[in-house]
Amino acid sequence: MAKNKKKNNTTQKTQDSAHKVKKQGNQSAASSSPLLFEPLTLRSVTFRNRIWLPPMDMYSAFAQDGKPTSFHYQHYVSRALGGFGAILTEATAVSPEGRISPYDLGLWNDDQIGAWSWIVDGIKQSGAIPAIQLNHAGRKGSSGCSGLGYINASVPPEAGGWQTVGATDTPYNNNFAPSRGLSTQEIQQIVDAFKNAALRARTAGFDMVEIHGAHGYLISQFLDPLINNRTDEYGGSFTNRIRFALEVADAVRGVWPDDLPVIMRISATDWAEGGWDIYQSVELAKALKKHGIDMIDVSTGGMISGVTIPSRPNYQVPFAQEIRSKADLPVTTVGLITKPKQAEKILEEGRADVVEIGRAALRDPYWPLRAAAKLGLDKHQAPYPVQYVRGAYGTRR
């Protein structure tokens, strides 16, 4: 797979007017086309709506080979049939030691491509855009999960665990084994692993790639001053701490087609005094924009163990709004967004460009179809598969 020279194409910007419901006279918001169901274009890719499925780990590669299974096909394709505009598959490791748990998915070898391609085809046939999140877990790797045990702790070698690596050798918490701090040569090897995984993702047919720079995994371990105590060119100053993130962005963008988008998920704050915060996130987003990143997927937390996170509906939305406003980049928002009118209002107020529906989508794979009915969208305009229209919400028999 040859590396092509890429240009930093400009992401199609969403006009402010597209984020405000037009109201004239006594016209109600319900009679306008819901913004959730307006298309969005990034580079050459047009998403049918602004309701996306975020990456959520299923921890179901029970063979520990990183390959998705028939479960993953059913999980992702059912939500594509349910009307989501994009399906962002779960954190997919760029190397075996980059897995969060032994049951994580991967794209570290060519044998894994075929296991992904049939899922990608199913997502496309169902009308959604297939996207993949590439990740290296760093010091939070080799951790327990549902079905395996060792929750919030390191998995021992006899149960499939391994020696983790990180920005430094400091463990995530007392239940985790110390990681091994990476050398500069090893950092470059991981950058190459992201690049090679992106090439495999494209071969599998994915139309968008998301780089996981959030939740305390390896990229965010370099970002956070409370974690990164390196004294070389990857530690200390803000410029040094974001160096690894930018190198990964360059490597992925460098092999990803010019006409397809690359986005990055970040934690806008680690919720700890003196740590990573929204101000640094805005500056990182500005830098990522210059390096060809088309959108920021805004989340928070996961970097520092034991912090208090004020979880409540929309608690992460202000961070997305700040990055969107100050960095002039499209953003997604996620976190305890469960109701259609709640999600619609976020777009109406121009606080985000896309709303991600996570755990609510685990309960209801057809959340977008229900949202369309709640917001008054005609069933023939809603993203129903043609086979399902006769059973649309509101149908009397």
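How many residues does helix 3 have, and how far does it reach from its first C-alpha to its last?

**Entry 1: ground rules.** I am working with a predicted model, in which local features need pLDDT of at least 70 and side-chain atom pairs count only at pLDDT 80 or more, while totals for chains, interfaces and linings use all residues. Residues are numbered from 1 along each chain as its sequence is written, and side-chain values use heavy atoms, with hydrogens and water left out.

**Entry 2: helix 3.** I looked up helix 3, residues 184–204, and found that it has 21 residues and reaches 31 Å from its first C-alpha to its last, close to the 30 Å expected at 1.5 Å a residue. The expected span is 1.5 Å times one less than the number of residues, and helices (H or I, at least four residues) and strands (E, at least two) are DSSP runs numbered from the N terminus. I then listed its buried residues (buried means under 20% relative accessible area, exposed over 50%, partly exposed in between, with a 1.4 Å probe and protein chains only). Among them are Ile 187, Ile 190, Val 191, Phe 194, Ala 198 and Leu 199, and Arg 200 is also on the list. An α-helix has 3.6 residues a turn, so residues three or four places apart point the same way. The buried residues of helix 3 pack against helix 2 (113–125), strand 6 (129–135), strand 11 (208–213), helix 4 (218–223) and helix 6 (243–255). Gln 185 also lies in helix 3, but Gln 185 is exposed, with a relative accessible area of 56%. From Gln 185 to Arg 79 I noted 106 residues in sequence and 41 Å in space, C-alpha to C-alpha. After helix 3 comes Gly 205, with a positive phi near 110°.

**Entry 3: helix 3 with helix 6.** Two packed helices are described by the angle between their axes and the distance between the axes. The axes of helix 3 and helix 6 come within 8 Å and cross at roughly 30°; axes are lines fitted to C-alpha atoms, for helices over the stretch in contact, and angles run from 0 to 180 degrees between N-to-C directions. On the side of helix 3 the contact (heavy atoms within 4.5 Å) includes Ile 187, Phe 194 and Lys 195, and on the side of helix 6 it includes Phe 244, Glu 247 and Val 255. By class this contact has 11 nonpolar, one polar and two charged residues, where Ala, Val, Leu, Ile, Met, Phe, Trp, Tyr, Cys and Pro count as nonpolar, Asp, Glu, Lys and Arg as charged, and the others, Gly among them, as polar.

**Entry 4: helix 2.** Helix 2 has 13 residues and reaches 18 Å from its first C-alpha to its last, close to the 18 Å expected at 1.5 Å a residue. Its buried residues are Ile 113, Ala 115, Trp 116, Ile 119, Val 120, Gly 122 and Ile 123, and they pack against helix 1 (70–81), strand 4 (86–93), strand 5 (105–106), strand 6 and helix 3. Gly 127, which follows helix 2, has a positive phi near 95°.

**Entry 5: helix 7 with helix 8.** The axes of helix 7 (residues 278–290) and helix 8 (residues 317–327) come within 9 Å and cross at roughly 45°. That makes helix 7 oblique to helix 8, since angles under 35 degrees count as roughly parallel, over 145 as roughly antiparallel, 65 to 115 as roughly perpendicular and the rest as oblique. Leaving out residues up to four places away in sequence, Ser 281 touches Ile 266, Ser 267, Ala 268, Trp 276 and Ile 323.

**Entry 6: helix 9 with helix 11.** Helix 9 and helix 11 (residues 367–374) pack at an angle of about 80°, with their axes 9 Å apart, and are therefore roughly perpendicular to each other. Pro 340, Lys 341 and Ala 343 in helix 9 meet Trp 367, Arg 370, Ala 371 and Lys 374 in helix 11.

**Entry 7: positive phi in loops.** Which residue other than glycine has a phi near 70°? I found Asn 314, in the loop between strand 13 (295–299) and helix 8, partly exposed at a relative accessible area of 22%. Leu 336, with a positive phi of about 55°, sits in the loop between strand 14 (331–333) and helix 9 (340–348).
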